[in-house]
Amino acid sequence: MNRILSACKKLGVRSVAVAFTRSRDQMVRFSNNSVTVVNSWQNEVPTVYLASNGKRAACRIEEEEGVEFKSIASELVDSMNVIPQGDVDFDLPRGPFNYEKIDGIYDRRLTEIDTGLVDAAEAAINSARKEGANRVSGVVISGSWEHFVLTSAGAEGSSKGTEIEITVRAFADEDATGQGISIATNLDRFHPDEAGVTAGSIARKARGALAGVPGKYNVVFGPAIFADLVDRVADSASAYTVDLGLSFFQDLLGKRVSSEKFSLCDNGRLPFGPGSISLDDEGFPTGETHLITKGTLEGYLQTSYTAAKHKAQLTGSAQFEGGLAGMVPAPRNLIVEPGEREFDDLLDGAMSGLYITNNWYTRFQNYQTGDFSTICRDGVFEIKDGKLGKPVKGLRVSDNIIRILQSIDALSKKRQWIRWWEVPTPTLTPHVLVRDVGITTASS
Amino acid sequence: MEILEDETRLAVEQALKSGAEYVEARAQRDVGHTLTLNNGVAEPVTTTRRLGVGIRVIVDGSMGFASTNNLESSQIRTSAETAVRIAKAAVRLISAPSKLAPERSWEDKWEARMKIDIQQVSIKEKFDELFSIERALSFDHVKVSLPSRILVLDDELTEKFYRNSEGSKLQGFVPRISLFFILTGEEKGKGTIQRMRHEAQTRGWEAVKEWNASAIATDEAMMLGRMLRDGVHPPRDEIDLVLGSEVTGIICHESCGHPQEADRILGREGAQAGESYVKRDMLGKRIGSEHVTIIDDPTLPDSYGFYQYDDEGVKARPRTLIKDGVISDLLHNRETAAEFGVSSNAAARSVAYDREPLIRMANTYMKPGEYTLDELVEDVKSGVYMKSFMEWNIDDRRYNQRYVGLEAYAIRKGEIGAPVRNPILEVTTPGLYGRVDAVGKLVEYSGATCGKGDPQQGAAVWTGGPPIRIRKIHVGG
């Protein structure tokens, strides 16, 4: 890291942030109650982010053999030199900083778990089958990581963590499926059997579903589908997305964007948080950022560049992503404030409507307006007279995300961590009751 | 890449020594650049360099995969041993052992054409291209306000060296280049409208020169203006629908290509990308009208999904997935081919050294028919021509799908008329293919990045086809 930093500084670059991640991960995938493949990855990846006079460049190097850092630095500087003047000049956060240890994000046992992943898969399969599933598919993954950051502005620090998670999908019939998730940084908080019970139980109850009917419904969203929507909300609360013109929160800072019952924050330092880390990729300490408080949009996630542009405070959210922008503001652990209700109270509050457990394939018609649709996946149930009723199928939520946020009527006390294939950011969310949600179906 | 012959040999030898029955090792180097203009301001030029080895083994019917980007001999050996060890550990929870269908072994070198080496084109020249598009999007030129303009130029050179324990040794080279843009049009009192477009090929810089991207972007921007100013609600009765090439292409990809991936049919993607409405016994079953023939072909010259050998060393060939409305083939790798008792049709693809090969599409399109667009429209009394789309999705069995039209026009008495806003086609797969009564003759392709796998692998593909006509359907919006 020092070599890269020196090479860039020698070439006259004002701001340099070098990060290095060493990770080891293992994954067991299973389907039809049987393991299909076991994966193991071992990676060492440096990333470099440069800025001078508002011009920026970035590089990700997953290549050790024959890499000449001098020539990479030189190529990056050349690429900056041909960029016309940037729109805003900025500096990286001035260090040094004190990075406090975060409790509960490293468990040595997870670095040695190895064949334990097969045990976890087996536990999930068995519990889902006991609940009534015929077939069980899923993925269990564990990993450990160490992350180092060194910047030209005097920031230097590191963080390390472990994680383990399982997604279980149970099939009780062709159309009767359910999903369960357990995600943790610590082996004691990891419960693959409970994930199997949840998946198997939803699948069993979803048997015999009839085609749903389009219309407007009071909907109780389960944690998995609500986490997906919250992820989209956090994307839109990134200053970078706002600048791209792809946010439904453009020009809404300080304004009411949701029901006052809804509050959302990102917390990169949460003890036991699956996404927690001590410092961001610009070397700034991570922290808690209130995005929406009692319905009001309080702030955007920022990097040094966007903060200079928006004249805002840093949020410790800089993450190297490469691709379009190099360094972007992105969430670590999304936390939805819980409500005061039990799940049954939400059903009672809905009186007549739908309970949707999961979804996939969310797509926007227009990112600025927030018009979107997403497909209901796994168990969907009618709510009749305030109680769970028959399963239904073939439904799609077709609505506007701001309208959904503004129509939140109640949230449960109990929350669940969600992260899976469709929800990349760890999200802690309750069940949520939303009024008058648009539901559509397909013509056959 | 010759240098990595030794590393792949070492990986194969070590895995065999450790007890593997079958081994393949793939060294892959990717070097890419992404240049972005955001409302005329340059985002950072990002460079990506990846080089490593992925090793896949079968031991006692259990499949293991390990990868590393540390190419020291000791680390390659450790990774090979790891692949075998983790596969062995899973044997007790395997009820359906992995087997591979027999295949011929190949020794070959292949490469896609690149007349102008992308690496020899300066960053300045690449930015010049983006700035010329940006200039073409000025209000004076396109007559519509575009408050957001995102232009992305992406290139990547991929070199692979593949070797397996059955004697295959393959060296491949693929240059890919793409231009992606998102434009937001705005008109006072009419709101905003957004358009995404993706031009992409397996070629060198010459592709960019031929696309004439400024003209494409100009046309798209002016279209946004038309839709905003003049668009009205679509008719709500049962009508006929003419779908443009872009819409035909996404339909072929989503509701033919994906459900006919044999790994989904076997349930292998059950917890992530999902399964399929197509079952093992549906080969030979009618799913659409006789006008519907859909092909997936990795060998199309210059196509974004081009390859000559897949990542299991099988020689690529076209696959006819639906022929005259009947399900006629599936996309197979060697593992699913063994399960179905057929040969692989070379659909195994991996996007990087650290990703296992999965069944993927390449370039999926509907076979052209005989009609011009005018002929498709001329006997439609009341309908909509949906030329392009913005929002789309489909359920995880690939049965219930939705496409929201972006550029769309009413059809009245055989003629294309006024713009209509956001017509919605929400239909089942047989409901859609069964209603196709005429197919156009001009095929066009769009670039796309197809997501599948865990961790996600975004594969370069083309989606394409001619305009098609479907009869008597309810359109929402």
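## Helix α6 of chain B

In this predicted model, the buried residues of α6(B) are A213(B), A217(B), E220(B), A221(B), M223(B), L224(B), G225(B), M227(B) and L228(B). A residue is called buried if 20 or more other C-beta atoms lie within 10 Å of its own, exposed if 12 or fewer, and partly exposed in between, with C-beta atoms placed from the backbone. Helices (H or I, at least four residues) and strands (E, at least two) are DSSP runs numbered from the N terminus.

Helix α6(B) covers residues 213-230, 18 residues in total. From its first C-alpha to its last α6(B) reaches 26 Å, close to the 26 Å expected at 1.5 Å a residue; the expected span is 1.5 Å times one less than the number of residues.

## Basis of the model

The model is predicted: local features need pLDDT of at least 70 and side-chain atom pairs count only at pLDDT 80 or more, while totals for chains, interfaces and linings use all residues. Residues are numbered from 1 along each chain as its sequence is written, and chains are lettered from A and ligands numbered from 1 in the order in which they are written.

## Chain B as a whole

Chain B contains 11 helices and 25 strands. Its radius of gyration is 24 Å, close to the 23 Å that the globule rule gives for 477 residues, so chain B is as compact as a globular protein of that length. The radius is taken over C-alpha atoms, and the rule is 2.2 Å times the number of residues to the power 0.38.

Along the principal axes, the C-alpha atoms of chain B fill a box of roughly 70 × 55 × 35 Å. Buried residues account for 60% of the 477 residues. Of the contacts in chain B (C-beta atoms, placed from the backbone, within 7 Å) between residues at least 6 apart in sequence, 76% join residues at least 24 apart.

## Contact between chains A and B

Chain B contributes 75 residues to the contact and chain A 76 residues. On the side of chain B that touches chain A, strand β3 (residues 45-59) gives the most, with 8 residues.

Strand β2 (residues 34-52) of chain A and strand β4 (residues 62-68) of chain B run parallel and are joined by 5 bridges; strands pair if DSSP finds at least two bridges between them. Q42(A) stands opposite T68(B) in β4(B).

## Strand β8 of chain A

Strand β8(A) (residues 215-221) is mostly covered, with 5 of its 7 residues buried. Strand β20(A) (residues 423-440) runs antiparallel to β8(A), with 6 bridges, and G438(A) is the bridge partner of K216(A). Strand β15(A) (residues 353-366) runs parallel to β8(A), with 4 bridges; F221(A) stands opposite I356(A).

Terms used
Two residues are in contact if their C-beta atoms, placed from the backbone, lie within 7 Å.
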